[in-house]
Amino acid sequence: MASIISHAVIAVAAAKAFAPADVPDYFWLLAIACSVFPDADVITFFFGIPYGHFFGHRGFFHSPFFGLLLSIFIVSIFFSELPLFSKQWFFYLVFFFLLSASHGLLDALTNGGLGVALLSPFDNTRYFFPWTPIMVSPIGIKDLFSQWGLLVIKSELLWIWLPSALIVTISMLIRAVAARY
């Protein structure tokens with residue numbers, strides 16, 4: 001997996017780049033929650049559920065289908081005052097869906113594990129993308145503070161943080177130019 005920190009970086013960068021200025025304060029927490037929540041499936045290890053199981057790590061909860069369910073749930077609960085199918089309602093639905101789906105997609109770019117069940121619940125086959133430039137992060141805090149963890153951080157700085165910063169910078173420049181006209 002990409003580290004939980006880098007999944008959160010994606011959420012903050014996406015919110016900074018694409019969210020309107022008038023989002024409620026809790027929007028930021030929801031964005032981060034959507035991007036990191038799929039990794040809550042690591043608790044299944046404590047219940048004896050194997051990695052490759054439907055509910056195992058990088059299984060159903062890493063799929064875009066689950067991301068859609070999560071985004072519908074979040075919009076229904078936290079943005080219930082919005083008219084159904086309004087422009088704002090769709091923005092939040094698509095935004096939270098893309099953040100949730102980004103988790104599995106980023107993990108499919110890593111170089112370790114058993115792959116990601118991107119087509120779950122329809123197919124539990126685990127996939128990686130043909131190009132896997134991101135070093136897989138260890139599961140557990142202790143290993144994150146090791147030589148392996150340092151290599152992961154270097155990899156994520158290059159392949160996740162830098163592109164995220166570029167997207168935010170370009171977005172800010174576009175907004176600044178648009179504000180002039």
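Which residues does L99 touch, not counting residues up to four places away in sequence? I looked up L99 and found I10, A11, A14, A31, C34 and S35, with contact taken as heavy atoms within 4.5 Å.

Notes on the model. I am working from a predicted model, in which local features need pLDDT of at least 70, side-chain atom pairs count only at pLDDT 80 or more, and totals for chains, interfaces and linings use all residues. I number residues from 1 along each chain as its sequence is written, and side-chain values use heavy atoms, with hydrogens and water left out.

Entry: the core. I took a nonpolar core as a set of buried Ala, Val, Leu, Ile, Met, Phe, Trp, Tyr and Cys residues joined through side-chain atoms within 4.5 Å. Buried means under 20% relative accessible area, exposed over 50%, partly exposed in between (1.4 Å probe, protein chains only). The largest nonpolar core has 26 residues, and F27, V75, F79, Y92, F95, F96 and L99 touch the most other members. I find at least two residues of this core in each of α1 (4-18), α2, α3 and α4. With 7 residues, α4 gives the most. Helices here are DSSP runs (H or I, at least four residues), numbered from the N terminus.

Entry: α2 against α4. I read an angle of about 35° between these helices, with their axes 6 Å apart. The axes are lines fitted to C-alpha atoms over the stretch in contact, and angles run from 0 to 180 degrees between N-to-C directions. From α2, the residues F27, L30, A31, C34, S35 and V36 meet F91, Y92, F95, F96, L99, S100 and H103 of α4. The α2 residues F27, L30, A31, C34, S35 and V36 are buried. The buried residues of α2 pack against α1, α3 and α4.

Entry: H103. I place H103 in helix α4. Its relative accessibility is 0%, so H103 counts as buried.

Entry: salt bridges. I searched the whole structure and found 1 salt bridge, meaning a side-chain nitrogen of Lys or Arg within 4 Å of a carboxyl oxygen of Asp or Glu. D107 pairs with R58, and their closest N and O atoms are 3.6 Å apart. D107 lies in α4 (residues 87-107) and R58 in the loop between α2 (26-36) and α3 (64-78), so the pair ties together parts 49 residues apart in sequence. Both D107 and R58 are buried.
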